[in-house]
Amino acid sequence: MNVALTPFLRRSLRTHCRAGKTYLIRGGMLLAMLASVASAQVTARFIGAPGLVLFSSIVWISAFLICLGGPAYFASIITEEKEQMTLGLLKMTGLRPVSILLGKSTSQMLGAIALLLVQLPFTVLSITLGGVSLPQVTAAYLALVAHLVFVTNLGLVCSVVCRRSRRAATLTVVLLLAFYFVPPLAAAVLGTTPGGLLDWAQQASVFARRRAVLTTGFSGSAVGFQVLSNLALGAFFFVLAWAGFERFTRTVEVPAARRARALRRTWGLRLFGPGRAWKNALAWKDFHFMVGGKGMLLLKFILYGLLLGGIARAVDPLGVSMNAEEFGAMAIQLMLFIGFIEVTLCSSRVFGTERKWGTLSSVMILPKRTWQIAYAKVAGCLLALLPTLAWFCVGVGLAGDDFFEGLAWFFSEPFAYYAILQVVFFWHLVAYFSLVLRRGGLLLAFAVCLFGNWLSLVVFFLLGEWAAAGGLILALLGLMAFVHYRILRRLELLAAAE
Amino acid sequence: MTKTDDGTDAVVQVRGLCYSYKTTPALKGVAFSVAEQCIHGFVGPNGAGKTTTLKILATLLKPQGGQALVFGLDVKRRYRQVRRRIGFMPDHSGLYQDMTVFECLDFFAAAYGLRGGRRDRAVGDLLELTDMAGRKDSLVKGLSRGMMQRLNLARALVHDPDLLLLDEPASGLDPRARIELTEILRELSRMGKTVFISSHILSELADLCDSVTIIDRGVVKYSGSVRGLHSLTGEHASYVVTLEDEHPPTQEALEGLEGVLSVTKVEGQSSYRLAFDRSKTDTNAILRAVLESGGRLASFREDTRVLSQAFMELTEPGVP
């Protein structure tokens with residue numbers, strides 16, 4: 001069989017070698033490892049077994065990285081060829097579908113394994129430090145590789161089925177979340193019996209396996225159920241991708257000249273249509289064409305209301321009856337969480353979509369300053385938060401004094417301002433990375449903030465609460481101003497490069 | 001406003017313009033000017049620096065050396081005033097695919113600060129000018145390449161700019177769409193707009209443009225009238241006479257005309273390519289000779305091969 005692994009692997013290696021982000025990611029991984037060493041040193045003073053602590057965090061970081069970065073990385077295996085219109089050319093070379101799938105997925109997977117290799121010196125260090133045995137290391141790495149095979153092939157299926165990388169990545173995330181969270185949730189509600197289906201499903205998780213393997217005195221087999229099940233699932237998804245390859249890649253999809261179904265439905269009604277452009281035309285455009293417009297606002301308002309009502313009703317049979325204040329508190333917390341997610345998504349799209357559509361040059365040539373253009377766009381996107389804000393206000397109204405007391409307590413904490421600023425900084429980073437990277441910007445912003453948090457903890461221990469908060473706030477403000485400037489410069493550069 | 005070399009008002013004045021992409025120089029002291037209300041062609045092979053120059057004039061790139069003035073305004077310092085007076089059409093779509101044609105124009109009109117009746121009139125007029133009124137409710141992503149170019153042109157014109165910067169607008173268009181676009185550009189010129197149009201095919205612009213600048217590897221090789229290009233290939237004019245059918249006496253008549261240097265029959269066609277000395281004869285005498293010889297004239301045009309020859313002589317072979 002002509003597997004054609006070599007050309008794909010060679011291309012993948014060349015691409016990775018040329019891309020600066022490869023070195024950034026590996027450097028980031030190295031920094032995370034160094035942070036783990038420092039963390040193990042501190043923790044070992046209290047609980048001992050520094051080797052085990054270090055190895056435990058190495059495995060956790062790896063598993064987390066595969067879960068978080070895998071969807072973005074592997075879900076583009078085939079979609080990137082579709083987007084670049086090169087899949088047809090690949091098929092014309094006479095390569096069989098299985099060769100294309102195997103060649104591309106293996107080369108991507110080897111790229112990910114290279115990241116695991118970065119950890120090798122640290123793994124050796126953890127064995128030297130003591131507290132972790134060789135069978136534990138073997139079992140943990142087998143678990144990670146099996147998990148990688150599973151995520152790669154899940155991403156591969158989504159990549160075959162979907163037309164765009166973004167959609168494939170979203171589908172992979174949804175399926176992974178279902179894989180990890182549905183069994184424990186179902187077990188919590190329905191109860192579980194040892195050896196039952198739910199019990200097996202929970203054991204297939206790499207996180208469960210990590211816990212088992214890294215228990216002191218682990219004496220189980222290196223090849224556990226998680227390894228076998230993940231490998232089997234990986235093989236199953238590969239076969240699925242192979243079976244569906246011809247069907248889903250038969251035609252080069254030309255986008256139909258129709259609006260998205262939801263927009264067609266709501267914009268058919270005059271009230272929900274975009275109407276004429278506002279005085280602030282950029283805000284009008286982003287409100288109607290990026291975040292869904294008035295129809296989407298109404299839809300979200302109803303959905304959030306149903307969600308709040310549903311939660312209130314769901315806890316009722318458990319004997320927990322909610323009063324108005326409790327409902328208000330729940331609404332506030334839920335809306336803060338939803339608001340955070342919404343702003344994060346807006347941040348990743350507000351400039352990134354202009355870049356994707358190739359419209360930046362048309363926008364940046366408007367007789368306005370760059371920051372005016374950027375803020376007008378942000379304003380349009382923020383209008384999408386109106387339903388969240390409305391339910392938040394309802395929550396504040398119902399919670400009454402509890403809310404204001406909680407607010408006063410929160411702001412009496414020195415780190416409150418730092419926490420808020422960090423969230424705003426995170427949104428800045430997401431927007432910036434959406435202009436720099438084709439994908440994975442959200443993940444990188446998240447990783448940078450996680451690392452920043454770890455650093456801030458060190459500062460906290462060194463300087464004390466108030467001094468640390470003051471210093472960190474100043475540092476964050478400086479960083480935010482820098483990222484802000486970089487976003488504006490990047491917009492100008494990208495507009496000129498189009 | 002500054003003046004061109006021949007003393008007319010210059011809409012665009014470029015002096016010693018330099019720009020480099022990292023270590024690769026794209027423009028090396030480019031200098032030319034564009035007179036008011038003319039159609040100016042900006043021609044060069046791929047990688048010559050056309051798009052870089054256009055982007056600098058459109059204020060998207062800042063010059064690293066030299067100066068670019070548009071209506072006497074420095075594009076680096078007074079970019080917002082420049083933007084109000086120019087319309088830029090990039091070589092890619094640059095349009096929102098999910099909008100309808102009307103929404104797209106309405107959005108850009110509003111973004112340029114047009115309000116109420118003024119905006120309605122501008123959008124309506126542009127839909128008429130570009131013959132897109134019948135497609136105003138069509139989604140942009142459903143338009144053909146030709147329609148997309150018309151809409152892009154309308155977008156660039158939405159705020160009634162005095163100068164239009166067009167980056168290879170005819171690229172990828174079929175012959176019919178090219179001719180229709182040329183007609184629109186002529187109409188715009190008649191309306192008093194200055195059109196600065198780039199292309200990598202000189203003969204494509206020869207009939208349309210009043211003046212032309214040829215650039216190669218970041219250096220201007222020629223800037224002036226299209227007719228002036230002929231003098232680069234010698235003192236002789238070159239024309240093509242096409243007859244309805246073969247008629248050998250016409251060739252003899254042309255060869256006998258004073259000042260005619262050569263008459264060559266085009267292989268497989270009833271056409272003759274002739275070169276003549278402008279100081280001794282002119283096109284009227286040639287036409288008269290054709291008709292008096294009994295030849296039935298089908299067409300009489302300047303030989304674009306001469307322009308191509310000039311272009312080849314001015315530009316260097318190979319990839320920059």
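A contact, as the word is used in this report, means heavy atoms within 4.5 Å. The model is predicted, so local features need pLDDT of at least 70, side-chain atom pairs count only at pLDDT 80 or more, and totals for chains, interfaces and linings use all residues. Residues are numbered from 1 along each chain as its sequence is written, chains are lettered from A and ligands numbered from 1 in the order in which they are written, and side-chain values use heavy atoms, with hydrogens and water left out.

**Confidence**

The complex receives an ipTM of 0.79 and a pTM of 0.74 from the predictor. The predictor's confidence in each residue, pLDDT, runs from 0 to 100. In chain B its mean is 87, and 93% of the residues reach 70 or more.

**Chain A as a whole**

Helices (H or I, at least four residues) and strands (E, at least two) are DSSP runs, numbered from the N terminus. Chain A has 24 helices and zero strands. Along the principal axes, its C-alpha atoms fill a box of roughly 65 × 60 × 50 Å. The radius of gyration is taken over C-alpha atoms, and the globule rule is 2.2 Å times the number of residues to the power 0.38. For 498 residues a compact globule would have a radius near 23 Å, and the 25 Å of chain A agrees with this.

A residue is buried under 20% relative accessible area, exposed over 50% and partly exposed in between (1.4 Å probe, protein chains only). Of the 498 residues in chain A, 45% are buried. Among contacts in chain A between residues at least 6 apart in sequence, 77% join residues at least 24 apart.

**Aromatic pairs and charges over rings**

Rings of Phe, Tyr and Trp (its six-membered ring) pair if their centres lie within 6.5 Å; planes under 30 degrees apart count as stacked, over 60 as edge-to-face and the rest as tilted. Over all chains there are 31 aromatic pairs. Two of the pairs are set out below.

| Pair | Centre to centre | Angle between planes | Class |
|---|---|---|---|
| F64(A) and F446(A) | 6.4 Å | 40° | tilted |
| F301(A) and W391(A) | 5.0 Å | 20° | stacked |

F64(A) lies in helix 3 (residues 50-74) of chain A and F446(A) in helix 23 (residues 441-463), so this pair ties together parts that are 382 residues apart in sequence. F64(A) is partly exposed at 24%, and F446(A) is partly exposed at 36%. F301(A) belongs to helix 15 (residues 293-315) of chain A and W391(A) to helix 20 (residues 386-399), so their pair ties together parts 90 residues apart in sequence. F301(A) is partly exposed at 34%, whereas W391(A) is buried at 16%.

Ring pairs also link F150(A), F179(A), Y180(A), F207(A), F236(A) and F237(A) into a cluster.

A charge sits over a ring if NZ of Lys or CZ of Arg is within 6 Å of the ring centre and within 35 degrees of the ring normal. R247(A) lies over the face of F248(A), at 5.0 Å from the ring centre. In chain B, R155(B) lies over the face of F108(B), at 5.4 Å from the ring centre.

**Two residues of chain B**

T53(B) is part of helix 1 (residues 50-57) of chain B. T53(B) is buried, with a relative accessible area of 0%. Leaving aside residues up to four places away in sequence, T53(B) touches L17(B), L27(B), F32(B), F42(B) and I215(B).

L261(B) is placed in strand 13 (residues 260-265) of chain B. With residues up to four places away in sequence again not counted, L261(B) touches H236(B), A275(B), F276(B) and D277(B). From C-alpha to C-alpha, L261(B) and D91(B) are 42 Å apart in space, and 170 residues separate them in sequence.
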